[in-house]
Amino acid sequence: MKLQCPIPKILLPVDGSKHSKKAVQFAGCLGRAIGKSLSGITLLRVLTGGYLSRHMVNIDFRTKVLVKESDVFKRIRQVHINQNINPFLDESEKILRDSGIEATIERLILDGDTANEIIRTADEGSFSAIIMARRGLSELKWIFVGSVTSKVIHAATKQTVYIVGKKTSKPKTCPIPKILIPVDGSAYSLKGVEHVACLTYPFKESLDRITLLRVVNVALYMERLKGGIDPEIEANQILSDAEKIFVDSGFSEGLIETAIAIGKPAEEILKKADEGEYNLIVMGRKGRTAFKDIVIGGVSSTVLQRCQNQTVAIVSSK
């Protein structure tokens with residue numbers, strides 16, 4: 001199988017927080033490991049207008065000139081960028097370069113709704129991946145507040161989205177030495193397998209372990225048996241097909257581990273991730289809307305909401 005880097009162009013949204021700094025560090029480590037296959041990283045900072053609040057008394061809203069087109073706005077915006085935005089962008093670029101990134105690094109500063117601008121930029125710029133931080137939101141806030149992270153995950157269907165966890169690898173080491181890939185036999189989950197094979201091929205010798213996990217849903221176990229299908233035999237076949245993708249791509253069989261669990265899929269994935277101290281969980285995107293994921297309790301959404309330490313990647317089916 002001919003392998004090509006699945007994320008040659010990375011969009012890296014940052015907001016100046018310690019969380020986004022972790023995303024920058026992760027992108028640096030991953031980009032260094034990918035090597036020359038990475039063509040570029042764009043640091044994106046979206047200004048939401050909050051910095052204008054203390055200056056509102058100086059803006060005459062009776063005029064017909066739009067605020068964003070006024071000289072006052074432009075001056076306030078530039079001062080804010082110089083004092084508060086550029087220093088973090090400078091630091092971020094230095095982190096990327098110190099990590100060993102040789103690809104082009106660009107900066108982009110936009111105004112507007114953060115999630116919408118991230119998605120629009122990713123689509124218009126033909127980015128293949130978005131790497132961003134999780135902000136440690138509770139499950140309740142994730143659902144009802146409509147976090148930027150949640151909006152991007154559900155709307156950025158053309159990109160693989162990496163949500164960087166609290167625990168990241170040290171600089172100059174393998175960024176994702178232990179990878180967990182839940183598979184269910186669908187084309188979506190196999191996209192996740194293919195993504196990892198392509199992504200990690202340049203640094204496969206540095207990996208500790210890739211685990212393919214098939215969770216047999218306990219709620220459907222008896223139903224499958226009644227239908228003449230042994231769920232465990234089926235699970236072994238699914239794992240065998242997934243493992244074959246790695247072996248055919250030139251990975252050592254000793255690097256690939258397979259596991260079967262019986263229970264609730266999200267619970268078993270989270271349990272395995274913690275017990276195995278994995279660095280990355282890779283899941284396929286099923287194209288559900290945010291509303292459907294909330295109502296039916298999508299496995300991917302549950303894992304994203306509750307998995308705080310590991311980085312989680314939702315792989316684009318496109």
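## Aromatic cluster and its surroundings

Phenylalanine 246 and phenylalanine 251 are both buried. The model is a predicted one, and a search through the whole of it returns 3 aromatic pairs. In one of them, tyrosine 201 and phenylalanine 251 have ring centres 6.0 Å apart and planes at 65°, so the pair is edge-to-face. Tyrosine 201 belongs to the loop between helix 6 (187–200) and strand 7 (209–217), while phenylalanine 251 belongs to the loop between helix 8 (231–248) and strand 8 (256–263), so this pair ties together parts that are 50 residues apart in sequence. With a relative accessible area of 35%, tyrosine 201 is partly exposed; phenylalanine 251, at 4% relative accessibility, counts as buried. The rings of phenylalanine 246 and phenylalanine 251 also form a pair, with centres 5.2 Å apart and planes at 80°, so this pair is edge-to-face. Through such ring pairs, Tyr201, Phe246 and Phe251 are linked into a cluster.

| Charged end | Ring | Distance to ring centre |
|---|---|---|
| Lysine 9 | Phenylalanine 127 | 4.7 Å |
| Lysine 204 | Tyrosine 201 | 3.9 Å |

Tyrosine 201 therefore takes part in the edge-to-face pair with phenylalanine 251 and also has the charged end of lysine 204 over its ring.

## Overall properties and confidence

The protein chain has 318 residues, of which 49% count as buried, and it contains 11 helices and 10 strands. Its accessible surface is about 15700 Å², with 51% of that area belonging to carbon and sulfur atoms. Among contacts with a separation of 6 or more, 81% involve residues 24 or more positions apart.

The average pLDDT of the protein chain is 86, and 85% of the residues score at least 70. Two segments call for separate mention. Over residues 136–146 the pLDDT stays under 50, and the model has 18 contacts beyond four places in sequence for this segment. Over residues 287–297 the pLDDT likewise stays under 50, with 13 contacts beyond four places in sequence.

## Glutamine 310

Where is glutamine 310 placed? This residue lies in the loop between helix 11 (299–306) and strand 10 (311–315). Its relative accessibility is 5%, so glutamine 310 counts as buried. A polar atom of its side chain lies 3.2 Å from the backbone oxygen of alanine 273, and the side chain of glutamine 310 makes a polar contact of 3.4 Å with the side chain of aspartate 274. When neighbours within four places in sequence are set aside, the residues in contact with glutamine 310 are Ile163, Gly165, Ala273, Asp274, Tyr278, Asn279 and Ile281.

## Arginine 32

Arginine 32 is found in helix 1, which spans residues 18–34. A relative accessible area of 26% makes arginine 32 partly exposed. Beyond its neighbours within four places in sequence, arginine 32 is in contact with Ser99, Gly100, Ile101, Lys172 and Thr173. The C-alpha atom of arginine 32 is separated by 9.2 Å from that of alanine 103, although these residues are 71 residues apart along the chain.

Conventions
Residues are numbered from 1 along each chain as its sequence is written. Side-chain values use heavy atoms; hydrogens and water are left out. Helices (H or I, at least four residues) and strands (E, at least two) are DSSP runs, numbered from the N terminus. Buried means under 20% relative accessible area, exposed over 50%, partly exposed in between (1.4 Å probe, protein chains only). A polar contact is a pair of N or O atoms within 3.5 Å; within protein, one must be able to donate a hydrogen and the other to accept it, and residues adjacent in sequence count only if both atoms are side-chain atoms. Contact means heavy atoms within 4.5 Å. Rings of Phe, Tyr and Trp (its six-membered ring) pair if their centres lie within 6.5 Å; planes under 30 degrees apart count as stacked, over 60 as edge-to-face and the rest as tilted. A charge sits over a ring if NZ of Lys or CZ of Arg is within 6 Å of the ring centre and within 35 degrees of the ring normal. Accessible areas come from the Shrake-Rupley method with a 1.4 Å probe; for residues, only the protein chains shown count as cover. pLDDT is the predictor's confidence in each residue, from 0 to 100.
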